[in-house]
Amino acid sequence: MRLRTISMTAGVSALLLLTGCGAADMTKQASPFAGAQGAGTVTLSVQSWVGAQANVGVAQYLLEHELGYRVDTVQVDEVPAWDALSQGRVDAILEDWGHPDQEKRYVEDKKTIVAGGGLGVTGHIGWYVPTYFARQHPDVTDWKNLNTYAGRLRTAESGGKGQLLDGSPSYVTNDKALVGNLKLNYQVVFAGSEAAQITQMKQFAKEKKPFLTYWYSPQWLFEKVPMTEVKLPAYKEGCDADAAKVACAYPHTPLQKYLNTDFAKNGGRAAAFLKKFKWTTEDQNEVSLMIANDKLSAQEAAKKWVDSHPSTWRAWLS
């Protein structure tokens, strides 16, 4: 999220949720069913943020219970997932936040991956403070005033500077460059995973402490910890082209699906279904909240959503 990661929002157990986005790359442990000729199986890449788990959970449930496929899932970090998809180790990525280099290499040049259409959800990354702090200090929501609050946002991990809390080091973010280029007296501190970052933010909120964090929408935590975005310099096309010189906000990114080219051609009803899979931010957050907050498994959450939204998913099967 989940969470872009910009070049940055299913058979997975509760343990997968807890390990978060910092989990090891499992590309080489891909399913033996991926690409199996004549087998009614589908292998989905699942990123470790909960929104991606919600997508895969619902897709898996419908593929298995409505279309009769066996579904296997493989947890792969964002960039390695493109390699796995190109090689046929997995059949589909259901939530990509934008990776232009990989798109050019695999979609345009090698043609081993094809676009699978929009997910229906628009993702956005930004810097956020808790709304209770923004109400007390409205000027903190302008990046130009952040240095004024560096002392208030200092932690033991930030080395005398204000803390900008990030998630996993595996995320591709602009935050270190932004801090340097905007001359901010802050230190980027990695929590290690989405789950660890959420734990820290919830603890800060419980104690009504201020914090500044990299975060993204859609994300279920906004329902539990209201947050207000800090306005960074406006995003303009190309302002993030040079990663070392970035000094602008993150864009709003329509999230995309991608399929292995052979699977897209020969994957039958499964491929057709995944191309049509498209839902709203509200749908994704509903399932994510059940997984992360209510502690349901991805399949339990998927079943509840499927049972209550037949008019949405039946269109994906037609």
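**View 1. Helix α7 and the residue that follows.** Helix α7, made up of the 13 residues 194–206, reaches 18 Å from its first C-alpha to its last, which is close to the 18 Å expected at 1.5 Å a residue; the expected span is 1.5 Å times one less than the number of residues, and helices (H or I, at least four residues) and strands (E, at least two) are DSSP runs numbered from the N terminus. The model is predicted, so that local features need pLDDT of at least 70 and side-chain atom pairs count only at pLDDT 80 or more, while totals for chains, interfaces and linings use all residues. Residues are numbered from 1 along each chain as its sequence is written, and side-chain values use heavy atoms, with hydrogens and water left out. In α7, the residues E194, A195, Q197, I198, M201, F204 and A205 are buried (buried is under 20% relative accessible area, exposed over 50%, partly exposed in between, with a 1.4 Å probe and protein chains only). After α7 comes K208, whose phi is positive, near 60°.

**View 2. The largest nonpolar core around L44.** This core has 83 residues, of which L44, V58, L63, W127, L274 and W279 touch the most other members; a nonpolar core is a set of buried Ala, Val, Leu, Ile, Met, Phe, Trp, Tyr and Cys residues joined through side-chain atoms within 4.5 Å. Helix α2 (residues 50–65) contributes the largest share of this core, 9 residues. Leaving aside neighbours within four places in sequence, L44 is in contact (heavy atoms within 4.5 Å) with residues including V56, L63, V71 and L274.

**View 3. The aromatic pair of Y214 and Y250.** Rings of Phe, Tyr and Trp (its six-membered ring) pair if their centres lie within 6.5 Å, with planes under 30 degrees apart counted as stacked, over 60 as edge-to-face and the rest as tilted, and by this rule the count comes to 14 aromatic pairs. Y214 and Y250 form an edge-to-face pair, at 6.2 Å centre to centre and 85° between the planes. The pair links distant parts of the chain, 36 residues apart, with Y214 in strand β7 (residues 212–217) and Y250 in the loop between β8 and β9. Y214 is buried, with a relative accessible area of 0%, and Y250 also counts as buried, at 2%. W97, Y214, W215, Y216 and Y250 form one aromatic cluster.

**View 4. C239 in a loop.** C239 is found in the loop between β8 (227–230) and β9 (252–260), and counts as partly exposed because its relative accessibility is 23%. Not counting residues up to four places away in sequence, C239 touches V246 and C248.
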